[in-house]
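The sequence and the structure come first.

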Amino acid sequence: MDTMSVAVARRMALAAQGFADPRPEAATRRHLRRVLSRVQLIQLDSVNVAVRAHYAPLFSRLGDYDRTLVDEAAWAHSARKPRLLVETWAHEASLVPVQDWPLLQSRAKRSGWWRHYEPILKRSPAMVDDILAVVKELGPVGAGRIEREVVGESQRRQGPWWDRSEVKKICEYLFGIGQLTTGTRRSFERLYDLTERVLPPEVLARRVSPEEGARELIARSAQALGVATEPDLRDYYRLGPEVSHQAVAELVEAGVLEPVRVRTWRAPAYRYAGAKTPRKVTGRALLCPFDPLIWERARTERLFGFRYRIEIYVPEPKRQYGYYVFPFLLDGELVARVDLKADREAGVLRVQGAFAEPDADVPRVAGELAAELRLMADWLSLDRVVVGERGDLAPILRRA
């Protein structure tokens with residue numbers, strides 16, 4: 001069994017995620033495909049403090065690209081530009097390549113939270129047929145319109161997003177089991193459509209066993225991670241430990257995965273057979289909280305010595321770094337973090353806090369970070385970058 005240092009594992013992981021690839025001068029659909037071949041899927045999230053989560057990983061890897069590349073690939077396809085991505089539950093709610101849909105419907109994944117809505121089906125078995133009929137007639141269509149059609153305006157319940165009506169819950173259930181998917185989005189609202197009208201017939205016709213699905217998904221995880229422990233591999237698509245252990249063993253036997261030892265890692269590791277290890281990784285990137293490089297917090301700490309938590313759900317007085325914090329990657333190391341907010345009304349990218357990591361070359365970090373923040377502001381059509389007072393890096397970043 002080969003033994004590698006954490007530095008080698010880190011370079012391997014960064015290359016697998018696309019950070020050894022040069023940024024293009026002008027990103028095209030071909031570059032989008034290249035990033036997708038590295039990361040495999042893109043997480044969706046409703047938070048829009050700085051930028052929607054599904055746009056940010058592409059900016060980290062491609063620079064100042066046109067966000068309509070993602071929109072057209074996922075929601076505004078045409079005969080000339082066919083759909084590349086479809087929404088489903090993968091790591092969380094995610095955009096995945098269309099051809100991977102059968103793998104995620106193979107029952108390799110653990111049952112999702114939407115299974116809690118099954119008692120509603122038992123109480124109102126006709127509701128599914130009613131919802132599907134409305135979607136068939138009106139789709140792509142939002143949950144509010146479906147609800148009005150199914151239960152009538154006078155009975156419609158009001159409330160915040162977590163107080164979903166039974167119709168909305170069943171829509172999410174049908175989305176979870178694959179009968180509905182997102183036909184398109186309107187101001188980020190999901191408009192449901194029948195899956196059979198969204199995906200090509202050959203994709204829908206493919207049947208995959210749970211065992212084959214698990215092997216394929218773990219192989220994709222390994223390709224995206226480069227080198228990883230079994231829990232790392234299973235977390236990428238949120239598979240259960242039973243199917244993951246079996247899939248890893250079968251992929252080792254097939255030569256797709258190679259057992260390795262990474263110094264300081266307690267658990268055994270596995271290297272993807274096609275993984276590359278560049279001699280060095282250069283360049284810079286701001287990583288949104290939902291970037292696949294840093295999804296798994298324990299792995300991030302093992303690879304980079306960087307302890308990271310999303311503090312959105314932490315009460316403000318207890319936050320250490322801020323509400324929506326982007327780690328800053330520079331030449332293969334996580335060297336700083338910034339709490340960002342896009343103030344669209346004022347045309348300002350606000351750096352509400354800026355913090356350097358121990359042993360960071362602070363003057364260089366500040367200069368590189370300032371340049372990347374200026375690039376992000378331009379990408380978001382914001383006029384200025386304004387650095388606040390919080391954090392040890394803030395004064396020198398403000399000067400830079």
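Two strands count as paired if DSSP finds at least two bridges between them. On that basis, S8 and S9 form a hairpin in this predicted model, with six residues between the two strands. Threonine 264, in the turn, has a positive phi of about 80°. The pairing of S8 with S9 is antiparallel and runs over four bridges. Proline 259 faces tyrosine 270 of S9 across this pairing.

S1 and S8 run parallel and are joined by three bridges; methionine 4 stands opposite valine 262 in S8. S7 pairs with strand S9 (residues 269–272) in the antiparallel sense, also over three bridges. Here threonine 229 has alanine 269 of S9 as its bridge partner.

## Helices against the sheet

Helix H13 (residues 230–237) is largely enclosed by the rest of the structure, because six of its eight residues are buried. The buried residues are Glu230, Asp232, Leu233, Asp235, Tyr236 and Tyr237.

## Nonpolar cores

The largest nonpolar core has 89 residues, and within it Leu393 and Leu397 touch the most other members. Helix H16 (residues 362–379) gives the most to this core, contributing eight residues. Which residues does leucine 397 contact, leaving aside its neighbours within four places in sequence? The contacts of leucine 397 are Val338, Val351, Ala354, Ala366, Leu369, Ala370, Leu373 and Val387. There is also a second, separate core of 26 residues, which includes Val6, Val260, Val262 and Leu293.

## Phenylalanine 19

Phenylalanine 19 is placed in the loop between H1 and helix H2 (29–39). Leaving aside neighbours within four places in sequence, the residues in contact with phenylalanine 19 are Leu14, Ser60, Arg61, Val281, Thr282, Ala285, Leu287, Leu293 and Leu329. Between phenylalanine 19 and leucine 382 there are 363 residues of separation in sequence and 25 Å in space, C-alpha to C-alpha.

## Aromatic pairs and charges over rings

The structure holds eight aromatic pairs. One of them joins phenylalanine 59 and tryptophan 379, which are stacked at 4.5 Å centre to centre with 10° between the planes. This pair links distant parts of the chain, 320 residues apart: phenylalanine 59 is in helix H3 (residues 56–62) and tryptophan 379 is in helix H16. Phenylalanine 59 is buried at a relative accessible area of 1%, and tryptophan 379 counts as buried at 4%.

Phenylalanine 290 and tyrosine 324 form a tilted pair, 6.5 Å centre to centre and 45° between the planes. Phenylalanine 290 lies in the loop between strand S10 (284–286) and helix H15 (297–304), and tyrosine 324 lies in the loop between H15 and strand S11 (325–330), so the pair ties together parts that are 34 residues apart in sequence. Phenylalanine 290 is buried, with a relative accessible area of 9%; tyrosine 324 is buried too, at 0%.

Phe59 and Trp379 belong to one aromatic cluster with Tyr65. Over the face of tryptophan 379 lies arginine 67, at 5.2 Å from the ring centre. A further arginine, arginine 302, lies over the face of tryptophan 265 at 4.7 Å from the ring centre.

Conventions:
Residues are numbered from 1 along each chain as its sequence is written. This is a predicted model: local features need pLDDT of at least 70, side-chain atom pairs count only at pLDDT 80 or more; totals for chains, interfaces and linings use all residues. Side-chain values use heavy atoms; hydrogens and water are left out. A nonpolar core is a set of buried Ala, Val, Leu, Ile, Met, Phe, Trp, Tyr and Cys residues joined through side-chain atoms within 4.5 Å. Buried means under 20% relative accessible area, exposed over 50%, partly exposed in between (1.4 Å probe, protein chains only). Contact means heavy atoms within 4.5 Å. Rings of Phe, Tyr and Trp (its six-membered ring) pair if their centres lie within 6.5 Å; planes under 30 degrees apart count as stacked, over 60 as edge-to-face and the rest as tilted. A charge sits over a ring if NZ of Lys or CZ of Arg is within 6 Å of the ring centre and within 35 degrees of the ring normal.
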